[in-house]
Amino acid sequence: MQVRGERLARLSWAYRKGSLVTSRDERRVAWVDQPSEESCRLVVDGVRGPERKSCSTPAFSADATSVAAWAKLVEVPGARAVSRLLVDAVPVGPDLAGGGDVRFAPTGARWAASAQLEATPDGGAVDAPRMRVFGPGGDLGTFRDTTTTVLDEKGEHVAWIASDAHDRRALFVDGHELRDFGVPSVAATGGIRVARTGPNLGPEETVRWLADDTLVGMAPSGLGWLVFRAGAAAGADSLRDWASHDVLWRSPRPAEGDPALRARGSALLAGSLSTAERAPVACWWERPGGGRWRVACNGEPADDATCLYAGATPIAVSPGGDGKAYSCVEADASGRPTTFVVANGRRLGPHVDVASVAVSDGGHFAYAARDSADAPFFYVVDGRRVAGEWDEVFAPRFSPDGRHVAWGARRGKGPRIDLVLDGRVRARADLVAAPPRVGDDGSASWVVRRGRNVSRISMVHPRRAGGPDTPAGANPPSASGRPSLP
């Protein structure tokens with residue numbers, strides 16, 4: 001295996017920690033320079049933009065041709081600062097009170113945004129419309145509150161859930177109301193709302209596009225919390241409910257005294273909706289009839305497993321929709337919580353903690369776990385423990401065929417992150433900007449930071465590398481330090 005490095009950019013002294021992002025193809029990088037609290041600049045591919053009053057972390061489109069960010073700017077000297085959405089450094093959309101949310105389509109560079117309107121001089125009524133949804137074609141409506149917007153595969157349609165002044169919920173597509181959920185029942189309505197600039201209905205309420213161009217989401221109604229599926233046009237045959245539950249839990253294990261612990265009816269877990277990338281499959285955590293928790297997919301149990309509580313990790317669904325894996329909490333003989341992993345119906349563990357779970361098409365799975373609270377983490381791949389221990393772990397990523405897996409993990413309190421491919425530490429870096437890309441040929445790549453240098457680290461087999469050279473600074477570990485699959 002050869003490790004090669006390609007420098008993409010060099011961070012400035014004013015780099016704002018945590019703002020580094022990379023495009024999906026790992027060829028472009030962007031970040032925010034923040035020399036003072038009242039001054040910032042967006043930096044794209046090393047090119048610094050004009051000075052702004054405030055700047056959000058930028059985001060690249062799926063095809064890497066566009067980059068978007070929210071910024072507060074003064075368009076006319078002496079005028080008040082307004083918040084605007086910048087797409088490729090050009091202000092678009094209306095004047096806003098602050099930043100919001102912008103989403104690109106899964107392919108291409110089409111986008112949609114939702115953000116808070118400029119406040120009225122007297123602050124406006126609490127229930128007045130204050131969120132605006134807009135896209136390149138113009139305004140799509142104003143609402144009291146919304147979820148984040150989502151675009152279909154080609155960016156031809158945009159969907160969201162919104163509330164009005166009477167707290168009624170409805171599903172919108174391209175600015176048109178597709179379904180009225182009504183006013184939520186008292187039991188179903190969430191009592192906690194995050195007071196922030198931007199859409200606030202999520203993560204409790206959410207909507208996503210499936211691979212067959214239908215929509216799936218969670219929303220409160222007059223009867224309880226629904227998991228719904230809908231077509232992109234009113235009256236579509238796919239407009240139906242997969243599940244209806246009395247209450248919503250906001251965390252897998254609510255704190256003592258939380259009303260969710262006393263709720264006896266059926267329940268959904270907020271934020272638990274997971275979907276397949278290339279198949280019309282949606283999964284979530286539910287507790288039917290006030291009994292034990294289970295994972296359901298498309299309205300049916302994912303497997304035979306049930307749990308005392310849902311695990312803290314997201315449900316992993318393979319791109320093709322056939323593979324499912326998740327963590328599941330039970331109680332041991334002394335009543336202490338213990339965690340299992342259920343992967344494609346197979347139960348593994350128990351562990352004290354499970355940090356991340358991944359599953360691929362073809363039945364492969366991987367996760368990070370530890371067996372005591374003060375012990376380091378280790379990885380398990382297809383049921384076999386990988387040699388090596390780490391104190392901070394990140395989610396594993398499979399190749400499309402599932403035969404190769406990579407991850408990043410940190411040992412102790414050291415400054416470097418191990419870059420691991422198929423169980424071996426191949427290189428180290430100070431920071432990893434995004435999950436690795438893993439190929440069916442066993443290659444892998446990361447965008448990493450070493451000091452102020454941002455580089456793309458590629459790992460390829462010698463016969464595919466095009467040459468024997470490994471550039472200086474690639475920093476592969478010594479042979480004695482390489483863990484391997486058993």
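Visitor: Numbering the bonded cysteines of the protein in sequence order, what is the pairing?

Guide: With the bonded cysteines numbered in sequence order, the pairing is 1-2, 3-4, 5-6. Before the details, please keep in mind that this is a predicted model, in which local features need pLDDT of at least 70 and side-chain atom pairs count only at pLDDT 80 or more, while totals for chains, interfaces and linings use all residues. Residues are numbered from 1 along each chain as its sequence is written, and side-chain values use heavy atoms, with hydrogens and water left out.

The structure holds three disulfides, a disulfide being a pair of cysteine sulfur atoms within 2.5 Å. One of them joins C40 to C55, with an S to S distance of 2.0 Å, and this link is right-handed, with 90° about the S-S bond. Because C40 belongs to strand β4 (residues 39-44) and C55 to strand β6 (residues 54-55), the pair ties together parts that are 15 residues apart in sequence; strands here are DSSP runs (E, at least two residues), numbered from the N terminus. C40 is buried, its relative accessible area being 0%, and C55 also counts as buried, at 8% relative accessibility, where buried means under 20% relative accessible area (1.4 Å probe, protein chains only).

Another disulfide is formed by C283 and C297, whose sulfur atoms are 2.1 Å apart, and the link of C283 and C297 is right-handed, with 105° about the S-S bond. This pair links distant parts of the chain, 14 residues apart, since C283 is placed in strand β26 (residues 282-287) and C297 in strand β27 (residues 294-297). Both C283 and C297 are buried.

The remaining bond to describe joins C307 to C328, with an S to S distance of 2.0 Å, and the link of C307 and C328 is left-handed, with -125° about the S-S bond. C307 lies in the loop between β28 (300-301) and β29 (309-310), whereas C328 lies in strand β31 (residues 324-331), so this pair ties together parts that are 21 residues apart in sequence. C307 is buried, and C328 is buried as well.

Notes: Helices (H or I, at least four residues) and strands (E, at least two) are DSSP runs, numbered from the N terminus. Buried means under 20% relative accessible area, exposed over 50%, partly exposed in between (1.4 Å probe, protein chains only).
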